[in-house]
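Student: I'm new to this one. Can we walk through it together?

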Amino acid sequence: MTNDSDTGRVMGRRQWLQQIGKAGGAICLLWSLGLWLREKDGRKSALPVTSVRFSNYAVPGMAGKLVAVTGGEDRSKAIGLALQALGGIEKFIRPGDQVLLKVNAAFASPPLIGATTHPALVAELIRLCLKAGASGVLVADNPINDPAGCFSLTGIDAATRAAGGSVVLPKTGDFKPLFLQGAKRLDGWPVFYEPFKKVTKLIGVAPLKDHHRSGASMTMKNWYGLLGGRRNILHQDIHRTIQELAHMVTPTFVVLDGTVAMMQNGPTGGSLSDLKQTGTMIVGTDQVAVDAFGAVLLEKDIQTLGFIRQAEAAGLGTADYRSLNPILIST
Amino acid sequence: MTIIVARRISQAFFLGLFLWFCVVMTMGDAFWQLRGWPVNWLMQLDPLVSLATVLTTGAVHPGLLWGLGTLSLTILLGRFFCGWVCPFGTLHHIVGYWAHGRKTLSQRVHLNRYRPAQRLKYIFLFCFFGSTTSLQTGLLDPIPFMHRAVNLLILPLLGTGGVIASIGSRYYQSALLIGIPFLLAVGLNMLIPRFYCRFVCPLGALFGLFSRLAVWRIGKETKACAECMRCESLCEGACNPSGVFRVSECILCMNCRPSCSYDLVEYQSAPSAAGEIPWPEINRRQFGVALLTGMTLAPLSRLEGALGANWNPKRIRPPGAVSEGAFLERCLKCGQCMRICPTNVIQPSEWGAGIEGLWTPVLNFRIGTSGCQLNCIACGHVCPTGAIVPLALDQKLGRGTYQESGPIRIGQAFVDRGRCLPWAMNRPCIVCQENCPVSPKAIQTDTDFHRLLEIPPLRVLTGNASTLEVGDDLLKRYRLDGGDYFCRMVSAEDTLPRLIVANDDRSLTVAATAPFDRLPSAGDRVEILIRLQRPWVDPAKCIGCGTCEHECPVKGLRAIRITAENESREKEHVLLL
């Protein structure tokens with residue numbers, strides 16, 4: 001090699017070794033990365049998603065309670081009387097409780113249509129809970145129509161805010177797979193779990209409606225609004241699904257608002273002619289019994305409501321509601 | 001042997017190998033058929049395939065470690081792949097030489113000068129790097145690009161002409177759309193030799209970045225030279241060997257070395273005496289803009305919701321395809337699955353899989369020789385990136401150890417009762433049911449008897465237990481004895497349809513095995529019925545293979561059609577509880 005230092009092209013041994021070192025280092029880095037990232041079986045398998053289960057929200061000593069207030073059109077008054085008959089809301093809600101009202105806000109229709117939980121009832125329940133010392137009241141549902149639209153048009157959003165509660169709208173990440181042992185349909189199904197994280201008490205508040213597929217939509221069917229995913233395929237086995245919903249959730253108590261009943265064209269209705277004044281507010285801790293009572297108001301033969309039969313057979317409640325000696329109050 | 005001859009042999013070898021691998025991509029065990037040929041080897045050597053799939057999936061798919069070998073050699077030697085291996089590069093080399101080889105020295109020097117626009121290829125590369133949820137490198141990456149062109153255009157053209165008989169007639173939707181970029185890429189050599197390599201190729205750009213580290217590179221021994229420019233006139237990479245040398249552009253064609261009358265150009269470890277520019281001419285802002293553009297494109301494309309609620313039911317993926325999001329992270333659009341598919345039903349998607357899914361494989365049952373063959377698992381076994389998983393046959397069919405998980409469903413057949421001959425037009429057919437390859441059959445039939453409208457109930461003149469003489473002049477000999485026609489007495493007692501086994505202009509004979517219960521008498525009326533087997537699909541059994549759709553005699557819009565409902569790969573597309 002000639003000495004041609006002015007052009008700088010003669011490379012010292014040291015420089016050359018440096019260059020080799022750099023190249024070698026780069027190759028080593030490349031291969032370590034490549035081997036480290038090599039696709040192995042199950043390497044990319046999704047992270048295990050932990051399944052969730054709902055707590056038991058029942059209050060000890062209050063099992064099998066059932067009360068019906070008849071003759072009134074004032075929902076606030078009726079719910080107040082019903083709870084008084086059970087010993088007052090304080091029997092259920094303790095100071096510091098975080099309460100969740102599972103309303104039916106499935107459809108973007110006004111309260112007059114009776115397809116959704118009445119806002120006056122929601123407002124009164126929130127008021128009562130807060131009065132009993134609840135630290136907060138959440139109102140939640142995963143509606144069928146656009147969530148924000150449903151809560152707004154049903155009047156539930158405004159009523160909730162006015163009464164001091166807060167509405168939880170479902171978001172994509174809010175759903176977790178359910179753990180429900182022995183359930184054929186709902187084990188592993190995505191459920192609207194997010195709002196339940198801090199909740200200590202759960203109240204189901206359902207309107208009383210005809211339902212073309214299952215026969216009737218009452219308090220057990222109301223939990224359908226906690227399901228996510230492709231829940232419309234569950235209609236292929238609706239009665240078992242409703243029974244499993246009652247298995248999934250043990251509420252503090254449920255309210256079946258039979259002030260007005262949707263007698264036909266359920267569950268959406270759409271016309272006042274679908275409605276009948278049935279003037280009955282049913283409150284109870286046994287959702288099977290409450291629904292069986294509601295079926296009478298809907299003029300349904302309980303034998304045709306498979307979910308009630310199945311739920312009773314599964315030990316989830318009593319279909320013969322009269323055997324619970326319901327308290328009947330007329331105004 | 002000079003270095004140039006060695007390079008030409010290497011180029012010829014790899015181009016030949018590439019074409020050979022394309023030719024043998026056909027089912028069979030002859031030496032010129034698939035057998036065990038490593039048909040994806042050149043794609044595996046392509047480090048852009050490895051790198052881009054690592055960026056999208058976070059893992060190196062089996063076989064793609066080969067790409068690291070290529071990169072390692074690049075780190076030592078520079079862009080040898082472009083000049084010595086790449087079959088697309090060789091094609092450009094040949095066309096460029098043919099177009100410009102006889103031009104004058106100064107013309108060629110002008111053609112082969114470095115142009116700032118050569119930075120465009122780095123911009124494309126960085127743009128692809130930004131797209132980490134959607135693999136798009138296959139659009140421009142030369143190896144998948146050339147596979148796509150040869151698989152879907154050149155071989156079908158030759159096959160249709162009978163030049164390569166093994167291929168036969170193949171049809172590919174959007175062929176012209178695939179052909180235009182290919183013809184453009186090749187044709188642009190007429191303007192500037194190796195146009196694609198210099199301005200477009202993202203793989204070349206990747207090598208360009210890595211050649212920064214190259215231990216050996218081209219360089220001049222002295223700064224001053226005669227400046228005869230002969231090296232420039234032959235330069236394939238437009239890397240300026242006579243002046244300040246651009247390392248990242250040199251493709252190691254080595255033409256400069258023997259062309260120098262004074263032997264001043266060397267392949268050496270020291271930088272050129274005339275100086276060198278190790279990095280491509282691209283600044284941080286350009287890098288940033290390219291990366292950001294790439295990062296934006298996939299999310300923009302996803303706004304159409306094709307991965308969610310707005311999924312296209314006609315987007316039927318081959319059996320073994322992974323779920324759509326993962327699929328778009330892996331599919332190179334190379335067309336290997338479309339080439340190997342023995343029935344030609346795997347087709348390059350046009351817009352059905354979204355713009356980002358352009359040229360990814362979808363099934364079209366109108367094209368090709370059959371549906372997706374029940375006992376075929378070829379496509380997954382030639383997919384270079386695992387977008388289609390290589391299935392075992394038992395796995396595809398849900399047999400043996402796969403009994404529990406059931407067969408792989410790619411979709412679900414739906415009968416269109418408004419178009420189906422037995423349903424809509426009271427004509428016997430059930431070609432779909434007969435061709436259903438699933439066992440037990442996924443297509444079942446219900447039998448209905450329908451009164452034949454063109455022949456009103458006939459007046460009986462006389463009759464015995466199996467033959468009737470009728471009064472009206474409405475029958476034609478042999479009209480009703482085919483086996484689909486039945487008759488029934490119009491009376492309360494005898495409502496059972498009887499098969500007509502013979503008929504004359506004025507008589508009917510029913511099967512002797514099922515005679516009339518009561519002897520017909522004059523004045524009775526008999527009606528002619530057609531027996532219809534009306535097809536319906538059992539969704540628990542249907543795998544969506546599309547054989548029914550392919551065979552349906554309603555050839556326009558088929559009366560039984562597959563949509564991607566119930567496909568195994570997407571939980572959200574489940575149809576049954």
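Student: Let's start with R231(A): is it buried, partly exposed or exposed?

Tutor: Keep in mind that this is a predicted model. R231(A) has 18 other C-beta atoms within 10 Å. Being buried takes 20 or more, and being exposed takes 12 or fewer. The count of 18 falls in between, so R231(A) is partly exposed.

Student: Over in chain B, how are α8(B) and α12(B) placed, parallel or perpendicular?

Tutor: Check the axes of α8 (residues 120-130) and α12 (residues 202-210) of chain B: they come within 8 Å and cross at roughly 95°. An angle of 65 to 115 degrees counts as roughly perpendicular. That makes α8(B), relative to α12(B), roughly perpendicular.

Student: Which residues of α12(B) does α8(B) meet?

Tutor: From α8(B), the residues involved are K121(B), Y122(B), F124(B), L125(B) and F128(B). On the α12(B) side, they meet P202(B), G204(B), A205(B), L206(B) and G208(B).

Student: Last one: on the side of chain A that touches chain B, how many residues are nonpolar?

Tutor: In all, 25 residues of chain A are in contact with 26 residues of chain B. On chain A's side, 9 are charged, 4 are polar and the nonpolar ones number 12.

Methods: Residues are numbered from 1 along each chain as its sequence is written. Chains are lettered from A and ligands numbered from 1 in the order in which they are written. This is a predicted model: local features need pLDDT of at least 70, side-chain atom pairs count only at pLDDT 80 or more; totals for chains, interfaces and linings use all residues. Two residues are in contact if their C-beta atoms, placed from the backbone, lie within 7 Å. Ala, Val, Leu, Ile, Met, Phe, Trp, Tyr, Cys and Pro count as nonpolar, Asp, Glu, Lys and Arg as charged, and the others, Gly among them, as polar. Axes are lines fitted to C-alpha atoms, for helices over the stretch in contact, and angles run from 0 to 180 degrees between N-to-C directions. Helices (H or I, at least four residues) and strands (E, at least two) are DSSP runs, numbered from the N terminus. Angles under 35 degrees count as roughly parallel, over 145 as roughly antiparallel, 65 to 115 as roughly perpendicular and the rest as oblique.
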